[in-house]
Amino acid sequence: QLVLGACQAWDGRKSRTAKREAGLLCAERAPMYSGQMTGDAAYESEPEVEDDSYVDASQPSAPAAKVNIVPTKANSSEAKLQAIARSRWNYKIHILYVRHEHKECLDLIEQVLSEFNGMCEYPIYVKALIKRQQGRIQESLQLFQAATALNPHNVANLKQVGRSLYLLGKHKAAVDVYDEAQRVSTTEDWEIWHNKGLCHMYLKQYDTSMECFRSANDVQRHDTTYRQMGKVFTLQERYQEAIDVYLEALEFSPDNPELLTTVGLLYLRMGENYRAFEYLNNSLSVDPRDEKTILAAGSIIQDHNDMDGALIKYRVAAVKTPNSAQLWNNVGMCFFGKRKYIASIACLKRALYLDPFEWIIAYNLGLVHLTTGQCASAFHFFSSSINLKPDFVAAYMYLAVTLAKLDDFENACAAYDRAAEIDGGADFTIRLNYAITLHNGGDVERSREQFAEFESAWLAADEESRAADPDVETQAETLRRALGV
Amino acid sequence: MAHAGKLMTQSYSHDADPSGMTPNPDAPRRPKPKTPPKWLDAWSDPMANVDATSELMDVADLAGDGEWRLVMCSARERKIKVWANARLVSEQGLPDAPVAMRCFYAQTNEGGKRKPNVAVAAGNCVFIFRGGGVSAYGTNSTLRPYYKFTLPSLPVEPRETEVWRRLGNDSLTIDDAFNELAEARDAGAPLTERTLEFLALGEEELNNDNNKNGLHVNARNKRLAAFVRSQTVAGPPTRPTSATALGVIKHVADDADAVSRLIFCTEDGQVHVLSADAKEVSATYQLPSAVAFVAVTTGSRAEGKHVIACACRDNRVYNIVDGAVDAALVFDLEAPACGLATVGGNVVVIPCADDVVHAYALRDHAVDGKEILAGQKLYSLYLPASVASVTTLDVNRQRRLERVAFATRDGYVRAYHGSKLVVTLKTDENDPCVGMRFGRFGREENALVAVAASGGVSVRIMPRRADLTGSNENNRDAPTDETSRLAATPLAVPKKTKLYVEQTAREREFGREMHVAFQKDLCRLRLNTARARVAAMRDGGGGGARGGG
């Protein structure tokens, strides 16, 4: 059944100039395809459209153009068109949004909103999402609330209101909104559980947040939930449990570079360098340009005295993050290991320029200057490092060595005393250095005392730390002979 | 139409031998070149000015003569365009901006060559076009409109219709209508957009009125009344819907012209599947959210054994298995999907907006003796840039191979076999592919049609020697090469001057004196400070008293 009355020329201008070309004609079957559509009963009769059914569209019909330019003539088909138009761009808005074409997306949203007096739920929703990604959280919250006003039963809006509140740091309010969303929602939603867990984590309710994350994983497992669970354990300093969670997550998605890096860093923190390196390397094989992983892996390589290997890794990171103080610090120490002192000082000074309050850079600079014999400069760097971090033993000891080299015997002794006081006698190098300085300064009596302390600390130390520096033994032997012990 | 792009047939005749020389049988066999084979540029037109995404592109044998044509829709121009070889052969206006376009073969009783239908979704209609026949003047490539489906409006609450009817004939006051509709909304009834706007308008005015004197209430009622007047003249409220995506179920994957069925998805989450003769809707499924992307598994010979995967706007992927929405087989995503593709009959690949691609099993199956359950995550890919478009590479060689390719915003197209990268293609860094489709073009079997963000179209032929198994370790990712290039760039170590070196030498020699001088100056500074402080305290006491007085 051909409903010829519904045939219409879609574009008036076209039909005048090129009728056959543009006078597109369809056999409209809308009346049949409406109402209840169950199974095959959508059509009452067989369509009788032949392949080349093609009718010249010369008869004029109502212009079916955009609503806002047509005069508001009361006509049911127009009202229908307007209502169609309201949701017709949603698909495009969605595609532009998920493909990160935010500018085009916002333009389209503005166009749609101005057409319908701002009364469109989905465009407002996406606009809010984009505003939030741009960091305008307060604005996005208002937009989500506007969308909620238009359709109070949409769980998606509630979820996003909660998310914005969470981002604004109003965790308590966010939890309330999520509770409400859970009440309204008909299905179990991992995202609500997950976000509730996040809020509880920031409220320092770790057990509750753990429960929420577990519920989220029960609905469906996600890498991000595992990561947050690990983070909760790490915050509570339960590192082994955190590692267990991460390893479980890695079973689920073995190639996630972020998970691999996090596990590597945790092992590094627990002192298991070999394992840490294994995970960091795996992470680098997936994402060879992640600067955090590069830094961690590079520092382990550096610890094993493979300076060139570490430098190759750092080069990649330097392209991506040329302004990282940690990176330049590590590069500087690589050059130090290679005995290229000028390059080392240059890199460390850049690091100190980038982060002037990082004590370890000042300490490293002190070490390099001490090695090059620039004791006056070394003194300044050690003392500023101590000012920034007053409880680092080695800095006091090296300060003392520097002062001794500058013939400032009294201050050197004071620095040794302070170092020994903080350390509590475990580090034998302090005692040995102290004894040498005292001997050089002519105070043989106190030197003997310190040497005795050194001997006992040396005996108490384990094999590994004794073997770390063979120079200690020779120095100790020389001093023993000089003191005549 | 006269506009034709650059045709580079020269380059592709030398395909087998890049050097262009005839092989000398006496010469020792050259080792295989280490560099991966190049894609061959078959045709490109940077000025094509098409803004088609993957959803708006397809290749089809429109005339049934074995010559595959490229069909693309331009959303901006509202046109459907057909290219044959390197020539734009047909342009056809559309009544509305196209949402999606797909070619499919309906079952027909006519004999002779089979011709595909071209389905275009626009607004609340799905239009079906067909290619022209062969006439004495050659092949007519013009698409002709055939018929259309209009999506049905959704049922409206009878209570709501009643309220609006009574508002229309003034037998209900605006306040009562407002209260009744608000009550219906709070009860959770699905309401029309008109009612939602009416309620939102009413509440907005209510909030504006801080002091509820009669004047303001009147003002509110006036605005509402004006709104009601403008709406009620249009008749009872309706809940129309619009199309969001199109898909095609192929009954037999191997044959290019096997019968296929069209799927269309609507704004309110309905998925309609047409019957094989494309004349009626044979099945309708209801999903909780609007479908953004739809993909159907191929590779299964048995009819009806398809899985329809639908990526919806609520960040979930729903699956229709064996004629029903499988409630257990739902994939929750961390970020919304920005495309969807299926590989074979068992796997769906979902690129997400957070640059991660997840692959899930849709059916229980076994790979290398390992049992894989439906719903299990198979692997994830972590891409270095966000995905601009995705397509399944259905490569036709001695046997069919299915790979999935992603175009990323850093200007690469990467094809994966499982989680292994097999082929890369560098495109323009500043002009990524926003639409891709792989298939036949002209008479070439394996061609990749790509639309760049700037509107240029290019067709490339897949290298015939390209290793698609991922077993060859030499086939390195181009970005990895870039990493090694980065590793070779020297560090920008700050330079030190000669003066600096001289100063260090001086410090080494006179370090002691410098230190003493510094300590002396420091002592002097401290002394001076202390003196100044004492002086300030002495004078300052009086000053403070003066200030107080």
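The model is predicted: local features need pLDDT of at least 70, side-chain atom pairs count only at pLDDT 80 or more, and totals for chains, interfaces and linings use all residues. Residues are numbered from 1 along each chain as its sequence is written, chains are lettered from A and ligands numbered from 1 in the order written, and side-chain values use heavy atoms, leaving out hydrogens and water.

**Chain B overall**
- Chain B has seven helices and 33 strands (DSSP runs: H or I of at least four residues for helices, E of at least two for strands, numbered from the N terminus).
- Of its 549 residues, 54% are buried (under 20% relative accessible area, 1.4 Å probe, protein chains only).

**Nonpolar cores**
- A nonpolar core joins buried Ala, Val, Leu, Ile, Met, Phe, Trp, Tyr and Cys residues through side-chain atoms within 4.5 Å.
- The largest core has 179 residues, and F198(B), L262(B), I350(B) and F406(B) touch the most other members.
- Domain 1 (36–51 + 350–493) and domain 2 (177–234) of chain B each give this core at least three residues; the bounds come from an automatic or database domain assignment.
- A second, separate core of 42 residues includes L70(B) and I461(B).

**Helix pair in chain A**
- Helix 17 (residues 307–320) and helix 18 (residues 325–337) of chain A pack at about 155°, with axes 10 Å apart (lines fitted to C-alpha atoms over the stretch in contact; angles run from 0 to 180 degrees between N-to-C directions).
- Helix 17 and helix 18 of chain A are therefore roughly antiparallel (over 145 degrees).
- Among the residues that meet are Y314(A) in helix 17 and F335(A) in helix 18 of chain A (contact: heavy atoms within 4.5 Å).

Conventions: Buried means under 20% relative accessible area, exposed over 50%, partly exposed in between (1.4 Å probe, protein chains only). Angles under 35 degrees count as roughly parallel, over 145 as roughly antiparallel, 65 to 115 as roughly perpendicular and the rest as oblique.
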